[in-house]
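Trainee: I would like to go through this model one element at a time. Where should we begin?

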Amino acid sequence: MKQFIFSMATILSIGSSSLAQEVTFQEYELDNGLHVILHQDNSAPVVATAVMYHVGSKDEDPGRTGFAHFFEHLLFEGTKNIERGKWFDIVSAQGGTNNANTTQDRTYYYEVFPSNSLELGLWMESERMLHPVINQIGVDTQNEVVKEEKRQRIDNAPYGKIMYRTGLYPHLFKKHNYGKSVIGSMEDLDAAKLEEFIAFNDKFYNPNNAVLVVAGDINVTETKKMIQEYFGPIPNKAPKFQRTKIEEEPITEAIKVTEYDSNIQVPMKVLVYRTPDMKDRDTYVLNYISTLLTGGKSSRMYKKMVDEKKMALQVIAFADALEDYGTYIMAALPIGNISLDDLQTEMDTEIERIQNELITEKEYQTIRNKFENQFVNSNSSMEGIANSLANYYLFYGDTNLINKEIEIYRSITREDIQRVARKYLNKNQRLEMDYLKQSTK
């Protein structure tokens, strides 16, 4: 149990920001609309090729949830020139690694190769974009893969509905697709026809809806030539997708719910607030508040609830910011006979303390120092740099945030922390959840 608590806290406490050391880059656009970002670092013979598509679960049609995540798998099936099932073999044979992931807002694919295989990485990603093979055998195969993933990560995993938000976001988002599961409904995927998968690919997996990043041991002039050769001729199968933000009604009264999980032994108290999107400066302030509350053993909630009062096995607080909205999630696991109501009372006490008193100058400097250290130690891998560059361009419209985002954190004041806590972390603006063990009888 202790091992799981640690891993869950590690996964969930990761903030939305990605702080970076000085990263030089060039960016430009191909005639077909593909945005290209190049980062040259010849200190090690490694290169990352990455493509981020601006499509996630929020872009799915009603009754067809799970398509974006499904495509994360489906587009590894094979292409016109890559035999079905051989993608990973090709990568590993060249000493490379690769992976992909999907969120509510985007899908991201990458390869990391020895730098002498740069052209292979570019060719493979251009093949994924230009020549994907989408047929019934691939759909049927990946349907089973996704079902097994859902069983392992959500249905049969302790606290799975919390980690993957499937037990949280439906209560907070009634209109927006953020209320739907990223992994989607298996019934929706089963009901979908092959032509619907083909149409989804044609709509979203185009140069005009993507950013390509190449980071590592490259020659920029030669890399540009290869990019033009492999990606320049790719046509767009649809116009650039235009989104309309779905507005949720404000939360004016606490939403009180109970969720059950047969995989857990220890219940959990969860408080979730709807907050601004990832670009809003207040989201950065919420990251400061997270560090103040649960950022290490000297943080307020950990010191009080875990160390001093011995009420909780673990405490968690973090901002989960997305493109259209964000959330602020707090949770605690009780020890012994401590009730979930007792945990909520203690969490509320700490929130009210921030709302009513400026944090101390010592606490403020400690938080700033932690973010400064993150900045110094960040972006230690080529893939991490590629991910950050793509993310800052696609969602913030400012690729250079990879270098200057730290200035936003430096601008945050103690008064900002109090103001943001007062504005967003109120009892009438949240979800209050008791997460309980489900009886198997």
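Mentor: Begin with a term: a pocket is an open set of grid points with protein on both sides within 12 Å along at least five of seven lines, and its lining residues have an atom within 4 Å of a point. Keep in mind that this is a predicted model.

Trainee: Which residues lie nearest the centre of the second largest pocket?

Mentor: The second largest pocket has a volume of about 350 Å³. Its lining comprises 17 residues. Those nearest its centre are S298, S299, R300, K303 and E363.

Trainee: Which element gives the most to the lining of the second largest pocket?

Mentor: The elements giving two or more residues to the lining of that pocket are α11 (281–294), α12 (300–308), α13 (340–356) and α14 (361–377). With five residues, the one that gives the most is α14.

Trainee: How many residues of the lining of the second largest pocket are charged?

Mentor: Divide the lining by residue class: two residues are nonpolar and six are polar. The charged residues of the lining number nine.

Trainee: What do the buried residues of α12 pack against?

Mentor: The buried residues of α12 are R300, M301, Y302, K304, M305 and V306. After α12 comes K310, with a positive phi near 50 degrees. The buried residues of α12 pack against α11, β9 (312–321), β10 (326–334), α13 and α14.

Trainee: Why does the span of helix α4 agree with its 13 residues?

Mentor: Helix α4 covers residues 118–130. Its buried residues include L118, G121, L122 and M129, and what covers the buried residues of α4 includes β3 (46–53), α3 (87–93) and β5 (107–114).

Trainee: Is N201 buried or exposed?

Mentor: N201 sits in helix α9 (residues 194–204). Beyond its neighbours within four places in sequence, N201 is in contact with F71, L75, P132, I134 and K237. Its relative accessible area is 4%, and the cut-off is under 20%, so N201 is buried.

Conventions
Residues numbered from 1 in each chain as written. Predicted model: local features only at pLDDT ≥ 70, side-chain atom pairs only at ≥ 80, totals over all residues. Heavy atoms only, no water. 1 Å grid on protein atoms, 1.4 Å probe; cavity = no way out; pocket = protein on both sides within 12 Å on 5 of 7 lines; lining within 4 Å. Points joined across faces, edges and corners; volume = space filled by probe spheres on them. Helix = DSSP H or I, 4+ residues; strand = E, 2+ residues; numbered from the N terminus. Nonpolar A, V, L, I, M, F, W, Y, C, P; charged D, E, K, R; others polar. Expected span 1.5 Å × (residues − 1). Buried < 20%, exposed > 50% of the residue type's maximum accessible area, 1.4 Å probe, protein only. Contact = heavy atoms within 4.5 Å.
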